[in-house]
Amino acid sequence: MTDVRLTDIRKRFGALEIIKGVDLSIDTGEFVVFVGPSGCGKSTLLRMIAGLEDITSGELTIGGKVMNDVDPSKRGIAMVFQSYALYPHMTVRENMGFALRFAGAAREEVDARVNEAARILELGPLMDRKPKALSGGQRQRVAIGRAIVRDPDVFLFDEPLSNLDAELRVHMRVEIAKLHKTLKSTVIYVTHDQVEAMTLADKIVVLRAGVVEQVGAPLDLYDDPANMFVAGFIGSPRMNFLKARVVSIGDGKVRLALLNQPEVQLDLAITSTAIHVSDDVSLGIRPEHFRAAGEGDADMVVDIDVAEHLGNTSYVYAHVSSEERIIIEREDSRAVANRDKLTVGLSVTSSFLFDKDGVRIR
């Protein structure tokens with residue numbers, strides 16, 4: 001069993017608390033992604049699991065064994081870094097087998113493991129090259145191969161694709177997903193790129209300022225965010241938020257008026273007692289959930305700033321007011337070409353409501 005359990009994990013640097021009581025369960029064979037903005041603590045949390053940072057308080061177990069004070073080399077983990085961390089004077093083969101040779105493994109065992117990792121990652125033609133003769137994607141594959149050779153219980157990835165160009169990132173995402181399917185190992189992966197998180201993860205852990213905001217499957221977080229932070233972070237382009245005010249409550253419905261378009265009102269079937277008449281709220285709607293004019297529950301007119309035409313789809317960057325900007329996805333690029341204004345439909349079934357503190361009102 002290679003499950004990982006974090007119980008009230010905290011990390012302080014002097015008086016500054018970076019990780020603030022994280023509780024998390026990662027099951028055997030799961031691909032779990034830590035995601036969040038820069039400085040949220042995701043890499044620190046990963047390094048604590050690896051043993052590269054001390055745990056201030058709380059308990060970490062791997063495979064049912066407490067690991068708080070266990071040396072990193074004895075935790076059954078292998079880590080792939082953002083910077084590749086390859087030895088420049090060694091060939092690919094030597095880099096991949098170094099950890100095993102250092103541990104005293106027999107040459108036959110080292111060769112067998114290195115050859116198997118090279119087969120999985122299609123590194124055969126590169127085995128006698130040194131890192132300077134490799135592309136960024138090839139170096140990352142070698143770094144992953146070095147981790148595979150160790151046959152760890154848990155793989156840790158710390159933003160491994162951030163140094164690659166856009167096309168290579170897409171390719172490597174596919175390769176890492178295939179690798180997990182082949183090895184069926186437990187994987188913990190850190191990224192600030194929510195597209196990586198959505199495409200790779202079995203389970204996403206959304207972090208902000210050292211606190212877990214929400215944990216769940218990618219589509220669960222997309223369809224059912226707990227708050228404005230998660231709603232705005234998961235999904236690309238991000239969710240739009242429109243300022244609104246509660247006009248009336250009754251018969252199981254809440255009527256809202258958009259603050260910057262007061263003639264636009266919507267009735268949402270919400271029975272929450274957490275909001276009251278005249279409360280300021282936010283209406284969330286994803287770019288792809290806007291409707292054509294007349295096809296929603298209410299129409300709204302926006303001023304177009306820029307339209308990005310991507311063939312069959314356009315992203316319209318527009319503003320509702322001087323302080324409220326939104327993104328609208330349209331399937332027909334020609335419908336928004338050379339226009340200054342656009343009328344779009346709002347749908348209550350595709351909208352989310354958040355209170356003044358950003359908490360989801362269900």
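This short talk describes the fold of one protein chain, from its overall build to a few individual residues.

Please keep in mind that the model is predicted, so that local features need pLDDT of at least 70 and side-chain atom pairs count only at pLDDT 80 or more, while totals for chains, interfaces and linings use all residues. Residues are numbered from 1 along each chain as its sequence is written, and side-chain values use heavy atoms, with hydrogens and water left out.

I begin with the chain as a whole. It contains 8 helices and 21 strands; both are DSSP runs numbered from the N terminus, helices being H or I of at least four residues and strands E of at least two. Along the principal axes, the C-alpha atoms fill a box of roughly 75 × 50 × 35 Å. Of the 362 residues, 48% are buried; buried means under 20% relative accessible area, exposed means over 50%, and partly exposed lies in between, with a 1.4 Å probe and protein chains only. Among contacts with a separation of 6 or more, 63% are between residues 24 or more positions apart, where contact means heavy atoms within 4.5 Å.

Asp158 stands opposite Val190 in β8. Val206 has Gln214 of β10 as its bridge partner.

A second open sheet has 5 strands in the order β15-β19-β16-β17-β18, with antiparallel pairing. Here β15 (291-292) and β18 (324-330) are at the edges, and each has a single partner strand, so one side of each is left without a neighbour. Strand β15 is joined to β19 (residues 341-346) by 2 bridges, and Arg291 is partnered with Gly345 in β19.

How do the helices α2 and α3 pack? Helix α2 (residues 92-102) and helix α3 (residues 107-121) meet at an angle of about 135 degrees, with their axes 9 Å apart. That makes α2 oblique to α3; angles under 35 degrees count as roughly parallel, over 145 as roughly antiparallel, 65 to 115 as roughly perpendicular, and the rest as oblique. The residues in contact include Met96 and Leu100 of α2 and Val110 and Val114 of α3. By class, this contact has 6 nonpolar, 2 polar and 3 charged residues. Nonpolar covers Ala, Val, Leu, Ile, Met, Phe, Trp, Tyr, Cys and Pro; charged covers Asp, Glu, Lys and Arg; the others, Gly among them, are polar.

Helix α3 also packs against α4 (residues 136-149), at an angle of about 135 degrees and with the axes 9 Å apart. These two helices are therefore oblique to each other. Arg113, Val114, Ala117 and Leu121 in α3 meet Arg141, Ile144, Gly145, Ile148 and Val149 in α4. This contact divides into 6 nonpolar, 1 polar and 2 charged residues.

I close with some individual residues. Ser351 is in strand β20 (residues 351-354) and counts as buried because its relative accessibility is 13%. Beyond its neighbours within four places in sequence, Ser351 contacts Leu283, Gly284 and Ile285.

Ala85, in the loop between β6 and α2, has a positive phi of about 55 degrees although it is not a glycine. At 38% relative accessibility, Ala85 counts as partly exposed. Ser278 has phi near 80 degrees and lies in the loop between β13 (261-268) and β14 (280-285); at 51%, Ser278 counts as exposed. Finally, the peptide bond from Ser236 to Pro237 is cis, with omega near -5 degrees.

Notes:
Two strands pair if DSSP finds at least two bridges between them. Axes are lines fitted to C-alpha atoms, for helices over the stretch in contact, and angles run from 0 to 180 degrees between N-to-C directions.
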